[in-house]
Amino acid sequence: MSMHDFIQALPKAELHLHIEGTLEPELMFALAQRNGVELPYHSVEALRAAYDFGNLQDFLDLYYQGMSVLQTEQDYYDLTMAYLQKSRAQNVLHTEIFFDPQGHTERGIEFSTVFNGIHQALKDGRHELGISSRLIMCFLRHLEESDAMATLQQAMPYKEHIIGVGLDSSELGHPPAKFKNVYALAREAGFLPVAHAGEEGPAEYVASALDDLQIVRIDHGNRCLDDPALVKRIASEQIPLTVCPLSNLKLCVVTDMRQHPLRQMLNSGLLVTLNSDDPAYFGGYVNENYIAVQQALNLSRTELADLARNSFTASFLSREDRREMLAKIDQAVAG
Ligand code: HPA
Ligand code: ZN
C-alpha cells in the first residue's frame with residue numbers, strides 16, 4: 001500500500017477547522033451571485049492568486065472579506081455540507097468545527113441564521129454521511145471583551161449544541177488575559193475552553209491561555225517550544241495541541257515544511273494532532289496535511305497512526321466513542 005493510500009485508509013478526527021475557512025473560491029463566487037454581492041476579483045483564478053500571505057493578518061483580511069458572501073441559512077448549510085462531504089471522502093470520521101459568530105453578526109446576520117444552517121448540516125452529516133461532529137464558538141480577539149460577552153449571551157439558547165468556546169483572529173497585541181472574564185462565565189455555563197495561542201504570539205501567551213483562561217486544548221501552540229519548562233508542563237498534563245502544518249507554511253509561521261517542529265513536539269512527549277485550519281485558503285484538507293509532513297519529515301507509518309490516534313484521544317468524544325475509533329485505527333493499521 002502506498003503512503004498516500006495508508007493515510008487515506010487511516011480513520012482520523014479533525015480538531016482545528018474554521019468552517020468559514022472551508023469556503024472554496026468556486027462556492028464563494030456562486031454565493032456572491034446568489035446574494036448579489038460584488039467581489040473585488042473577476043475570476044476564481046484571480047482570487048486564488050491573491051492567496052499569497054506574508055503573515056496571519058494578510059490572511060485574515062481576505063478571510064473576513066470572503067465570508068461576506070454568507071448571508072442565508074442555506075448558505076451556511078451549503079458551506080458546512082460541502083466540508084463534511086470532503087472530510088468523509090478523506091476518512092475523517094469526526095470533526096470539531098469552529099465558527100466565528102462575530103464575523104457575521106457584525107454584518108447584520110442573525111446569530112440564529114448562522115447557527116441553524118451549520119447545525120442542520122451537522123445533523124444531516126451524521127445521518128447521511130456517518131460523520132460525527134461538535135461545534136465550538138470562537139471569539140474574535142481583535143474586538144473588545146464586551147463584544148465577546150454579548151456573543152456569549154447570544155449563544156446561551158443554543159448551548160447544548162455548542163460544546164466549547166475558542167479564541168481566534170489577530171493574536172499579537174491581543175493576549176489571552178484580555179478575555180479572562182468572558183472565559184470564566186463561559187466555563188461556568190459549561191462550555192469547554194480552548195484558544196489559539198502561540199501561532200504568532202510568544203510562549204507567554206500559551207502560558208496565559210492555560211492559567212488565565214484555563215483552556216483544555218491549545219490551538220496551534222507552536223511557540224510553546226521557546227519555553228522548555230512550559231513544554232514539560234504541557235507534556236506532563238497531556239494538554240493536546242491542534243497543529244496545522246499547511247497553515248503554518250502559508251502564514252510563514254515556518255519557512256519550509258522541513259523546518260516544521262512537529263517531530264520536536266512528538267519527541268517532547270506532546271499530544272499533537274494534525275489539522276487543516278482553513279483548507280480553502282491554505283491548500284489542503286486533513287489528508288494533504290498528513291502527506292505534507294510525512295514527505296517533509298519522513299514520518300513512518302507508525303508515527304502517522306499515532307497522530308491519527310492522538311486526534312481521537314484529544315477529541316471531545318465520549319470515552320466509549322474514542323475507544324471505538326482507536327479500535328478502527330488498529331484495524332486499518334493491521335490491513
Ligand atoms: N489563526 C487565527 N485566527 C484564525 C485562523 C488562524 O489560523 N483561522 C481563522 N481565524
Ligand atoms: Zn485556526
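A residue counts as near a molecule if one of its heavy atoms lies within 4 Å of it. By this criterion, ligand 1 is surrounded by His18, Leu56, Phe59, Leu60, Tyr63, Asp168, Ser169, His196, Glu199, His220, Asp277 and Asp278. The model is predicted, so local features need pLDDT of at least 70 and side-chain atom pairs pLDDT 80 or more, while totals for chains, interfaces and linings use all residues. Residues are numbered from 1 along each chain, ligands from 1 in the order written, and side-chain values use heavy atoms, without hydrogens or water.

Polar contacts (pairs of N or O atoms within 3.5 Å) link the ligand to the protein. A polar side-chain atom of Glu199 lies 2.7 Å from a nitrogen atom of ligand 1. Asp277 places a polar side-chain atom 2.7 Å from an oxygen atom of the ligand. For His220, the distance to a ligand oxygen atom is 3.3 Å. Taken alone, ligand 1 exposes 260 Å² (Shrake-Rupley method, 1.4 Å probe), and the protein buries 100% of that.

Two helix pairs were examined. Helices are DSSP runs (H or I) of at least four residues, numbered from the N terminus. Helix H5 (residues 73–89) packs with helix H7 (residues 111–129) at about 35 degrees, their axes 7 Å apart. Axes are fitted to C-alpha atoms over the stretch in contact, with angles from 0 to 180 degrees between N-to-C directions. The crossing is right-handed, the near helix being turned clockwise from the far one by less than a right angle.

Helix H10 (residues 203–212) and helix H11 (residues 228–236) also pack at about 35 degrees, with axes 10 Å apart. Their crossing is left-handed. Ala203, Val206, Ala207, Leu210 and Asp211 of H10 contact (heavy atoms within 4.5 Å) Leu230, Arg233 and Ile234 of H11.

Notes: A polar contact is a pair of N or O atoms within 3.5 Å; within protein, one must be able to donate a hydrogen and the other to accept it, and residues adjacent in sequence count only if both atoms are side-chain atoms.
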